[in-house]
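Trainee: I have this model open and would like to go through it with you. Could we start with the helices and then turn to the ligand and the pockets?

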Amino acid sequence: MSKIIATKAIRGAHTLVGRAEKELLQAIEEKGPDTRVEFPNTAYYLPISHGMLGMRIETLGGLKELLAQAKNLLPPVPDDELWLPYLGNALDAGMAALFADEIIEAVKYTQDPLPYLPELNPDNDHLWLGAANDVILRERGIEFVDGTAPGFAACVGCCPSSEVAVAVARELQEKNLYVFMSAANDGRSMAHQLQEQGIEMGWETRLVPFGDDVTATVHALGFATRAALSFGGAQPGDFDRVLRYNKNRVFAFVLAFGPVDDLKHAQAAGAINFGFPTIAETDIGQILPTGVCTYEHVVSPIAPAKIVAKAIEVRGLKVTVSKVPIPVPYGPAFQGERVRAQDTRAELGGSTLPGFEFVTSRGLDEIEDGRIEVLGPDIDDIEPGGKLPVGIWVEVAGREMQTDFEPILERQIHDLINGAHGIFHMGQRDINWIRISKEASDKGFCFKHLGSILHAKLHGEYGKVFDKLQVKIFTREEDVSERLSHVRDVYGQRDARLADMTDESVETFYSCALCQSFAPNHVCIITPERSGLCGSYNWLDGKAAHKINPTGPNQPIPKGAVIDPIKGQWQGVNEFVYNSSHKSLEIFNAYSIIDYPMTSCGCFECISCLLPSTNGIMVVYREFADMTPVGMKFSTLAGMVGGGVQTPGFIGHSKQYIGSRKFILPEGGASRIVWMNSKLKEELAPVLEKIGENAGIDNFYDMIADETVATTEEDVFEFVSKVNHPALSMPALF
Ligand code: SF4
């Protein structure tokens, strides 16, 4: 612990205990030891001494025992020459300071007139409210328990200006935090600054002016102590439980504005006992190692504009946005809704324009939580029914964030955007497609609101793995295209992480039921060698997603007994699929295209189907809009394959699965491929060459027809006959 900070805190505690003794003895002399002392309307006596020591102080004379406890705790002021471990001493000094504060504040309650207004809100003549009564505690403290208010900021001192004070207060209010104000600097405090600006204060606005004396800071910690006694099941005197409850459940911190003297250092040390760190505007040194607090104990200097964000980060507070701030209704009921072409006001991405959605991690200092930028034309800049490219670039930062979580967050974009009434989202990664209805646009929905949805919902559902999130939405073709190669590289790196794993090497697969909003009976079974149909989820992603959200859509599936290793059938998987398909599927083969194949939702990257006369299969990528050799366009095929039913002869799958050893294994594998649309074929050229090499087929890539040489099944047969495609000599498909 920083010796300088510890020295100041210990010195401050000595001063406060000295002052407490002097004021207590004077009060006893003037009023007598039996004079009643109490904070108003509370069953918790003087809460710090009651919570920490189990004391039930009711008279001035009773305070002497607390004074003795404070003196006992007081460590010597550190020697200039001798370096010792200071943490324990500084914490003891902090607690002694709180005992002294409580004595001084209790004595104030014997004065006439009372220096505090014991009400909910201040009035014109009385700014300071002092200790809260039990009615306030019950009403407000429960908010700390149910999460309505995650905690409080104990603001000491005064901000550089009244405008800054208002900005800080508003930022804290936006985060649902209570603002407890005390400890003026030269007679001026943050509460005075808010008063000057005509800001309404009181418990109802969560801006609570406790008192201008530094000792009034104890009312914040007294409130925290009573919360632990009242809601945390802590017994009076069980200081360990009181402090742990606050560290784990009440997200509070001290914000110190202006000069921080010894007395304020002592308050900070007292707060650290509760796990509440101090973030100071001025340079008071730092205590960075973690220990009593979740993260750092003291951080400084932090500019007022950044102090709230820093405090939230240091305290490990998770921001929640209770309502999605968009002008259309939002909820899971809208997730299956589609927007028809004639009802569309604007379309983003899709098969004809470049697009992507991408989640990436950044440093905590590199992004601003809640910042949403639309870079390029917005909905009002285009004609009704107009189309634009789209790049949704989401940046997240957090101490718990891991690269492995990026694809998990990214895949949520689909469901989250679909939750907005009148907004339709399909696809993922670089095949995303969004339609915004005329009705939604008329209500004021614009592209920025896509970011608002992601900010609110990702924070709400995945906030435990990140602290900050900002969104950039690119709608200029050059901006989207410029970033596409980078995001595709990252998609490739994510897929490559699994390279050496096999289905045999693990005992557990993962499910994905994210697409059940569109296809209620569909569940993807994700194995190391078969990723989810959409290409966004591989086995590692499933594992990470389960870690983030153990009750979410990605559940572990113990494989159980192997029923057929070639078709990919396991007892445990059959049982899981039976239950999660609402008992519509009893047998499920992960690898076969013909025999009880995996079902599809609608998000598959590719569709494979038999071309019977060629004894092979064709594969078409979802962006290919022309007729395929099977006599159907992709959209018609998708209608047939999707919806969560088994369609023998047809499967939806990811691009990555084509290169898997398990790709239609019972039917002979990828060397059955006789046709692919040219764009997919080119993209997968290295994969196809590898497939040929492994199967001992020279020029396999060149043996695959595409739309430039074959548009009908007859054309394909003619082509593969000419090149002597290996499918022709493989066992008959049926
Ligand atoms: S396609 Fe499968 S893996 Fe992808 S999100 Fe839907 S259910 Fe999950």
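Trainee: How many of the 22 residues of α4 are buried?

Mentor: In α4, 18 of the 22 residues are buried, so this helix is largely enclosed by the rest of the structure; buried means under 20% relative accessible area, exposed over 50% and partly exposed in between, with a 1.4 Å probe and protein chains only. Helices (H or I, at least four residues) and strands (E, at least two) are DSSP runs numbered from the N terminus. Keep in mind that this is a predicted model, in which local features need pLDDT of at least 70 and side-chain atom pairs count only at pLDDT 80 or more, while totals for chains, interfaces and linings use all residues. Residues are numbered from 1 along each chain as its sequence is written, and side-chain values use heavy atoms, with hydrogens and water left out.

Trainee: And what span should helix α4 have?

Mentor: At 1.5 Å a residue, helix α4 (residues 87-108) should span 32 Å, and its end C-alpha atoms are 32 Å apart, which agrees; the expected span is 1.5 Å times one less than the number of residues.

Trainee: Which residues are around the ligand?

Mentor: They are R411, C512, L514, C515, C524, G532, C534, Y537 and C601, each with a heavy atom within 4 Å of the ligand. This shell divides into seven nonpolar, one polar and one charged residue, where Ala, Val, Leu, Ile, Met, Phe, Trp, Tyr, Cys and Pro count as nonpolar, Asp, Glu, Lys and Arg as charged, and the others, Gly among them, as polar.

Trainee: Changing topic, what divides the lining of the largest pocket?

Mentor: That lining has 16 nonpolar, 11 polar and 13 charged residues, and α15 (477-496), α19 (655-658) and α21 (685-695) each supply at least two residues of it.

Trainee: Where is C606, and is it buried or exposed?

Mentor: C606 is found in strand β20 (residues 606-611), and at 0% relative accessibility it counts as buried. C606 and H653 are 47 residues apart in sequence, yet 5.4 Å apart in space, C-alpha to C-alpha.

Trainee: Which residues does a cis peptide bond join, with omega about 5 degrees?

Mentor: That bond joins D112 and P113, and P113 is placed in the loop between α4 and α5 (134-146). A cis peptide bond with omega of about -15 degrees joins S300 and P301.

Trainee: What about the phi of Y596?

Mentor: Y596 has a positive phi of about 45 degrees although it is not a glycine, and Y596 lies in the loop between α17 and β20.
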